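Visitor: I have not seen this one before. Can you walk me through it?
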Amino acid sequence: MKYSVAFDLDGTLLDLPVDIESARAEIAAMFGEFGYFEPMRPILDAINRASASVATRDEEIYPLIIRARGILDRAEVAAAERATVRPGAVEAIESLRRLGVPLGIVTNNSRACIVPALHALGYTTSDFVVSTRDEVRRPKPAPDGLIRVASKIAAADENMWYVGDSPVDVSAAVAANPQVAPNLRAIAIPGPRSSLEQLRAAGPCVFFDTMGEAVNHIIRS
């Protein structure tokens, strides 16, 4: 049976050492200039809330979001330039590429960091169909990014796999399944910021300890 595979990025294919607390503090200071002092957590939702709160006109909201996200983008680009490859990631990608499997990446990271992040893996944007937070209205755990990528790599009668390390990856796959390939299946590999228990609680999923085991399962299925 033909199939396609999409991956999460940070924690799955790469470790991006984003200095998120410094970015959070800089964004908080930006909104503090407008008298807004609510916590910047979770950061993307907080940016949207803060922008809507401090804007005096609707047309001011989007520029504020762009300005705040620019701070986060810069932190992610700096992290991508120092990224390290997760164990088994390149071997897994190469195994699938040799079989001609269409590949995608669905990430809540920014489009700005994709080129240096993929460079750390040894690839370019021509090797994957990529969806970042900048291409969708709702990031994961919403299914928007997966639906977008599936429309480009998964035929209507084919299966699709999504490999991630986070509960939001599993939740996104569960939410996207009715709208994409007939069997969009999530595979979870515990990463640096998640546990097996957290992944199980996110929804139905197949679990493996390593990327190699996950991709071997996909190939054999």
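**Helices and strands**

Guide: H1 passes H3 in a right-handed crossing, where right-handed means that the near helix is turned clockwise from the far one by less than a right angle. This is a predicted model, where local features need pLDDT of at least 70 and side-chain atom pairs count only at pLDDT 80 or more, while totals for chains, interfaces and linings use all residues. Residues are numbered from 1 along each chain as its sequence is written, and side-chain values use heavy atoms, leaving out hydrogens and water.

Visitor: At what angle do H1 and H3 pack?

Guide: About 160° for H1 (residues 20–32) and H3 (residues 61–80), with axes 9 Å apart. H1 and H3 are therefore roughly antiparallel, a term for angles over 145 degrees.

Visitor: Which residues of H1 meet H3?

Guide: Ile20, Ala23, Glu26, Ile27, Met30 and Phe31. Their partners in H3 include Leu64 and Arg67, where contact means heavy atoms within 4.5 Å. The residues of this contact divide into 10 nonpolar, no polar and three charged.

Visitor: New topic. Are the residues on the two faces of E4 buried or exposed?

Guide: Leu103 and Ile105 on one side, and Gly104 and Val106 on the other, are all buried, meaning under 20% relative accessible area with a 1.4 Å probe, protein chains only.

Visitor: Which strands pair with E4?

Guide: E1 (residues 3–7) pairs with E4 in the parallel sense over three bridges, and Ala6 stands opposite Gly104. E5 also pairs with E4 in the parallel sense over three bridges, with Ile105 opposite Val130. Pairing needs at least two DSSP bridges between the strands.

Terms used
Axes fitted to C-alpha atoms, helices over the stretch in contact; angles between N-to-C directions. Helix = DSSP H or I, 4+ residues; strand = E, 2+ residues; numbered from the N terminus. Parallel < 35°, antiparallel > 145°, perpendicular 65-115°, else oblique. Nonpolar A, V, L, I, M, F, W, Y, C, P; charged D, E, K, R; others polar. Buried < 20%, exposed > 50% of the residue type's maximum accessible area, 1.4 Å probe, protein only.
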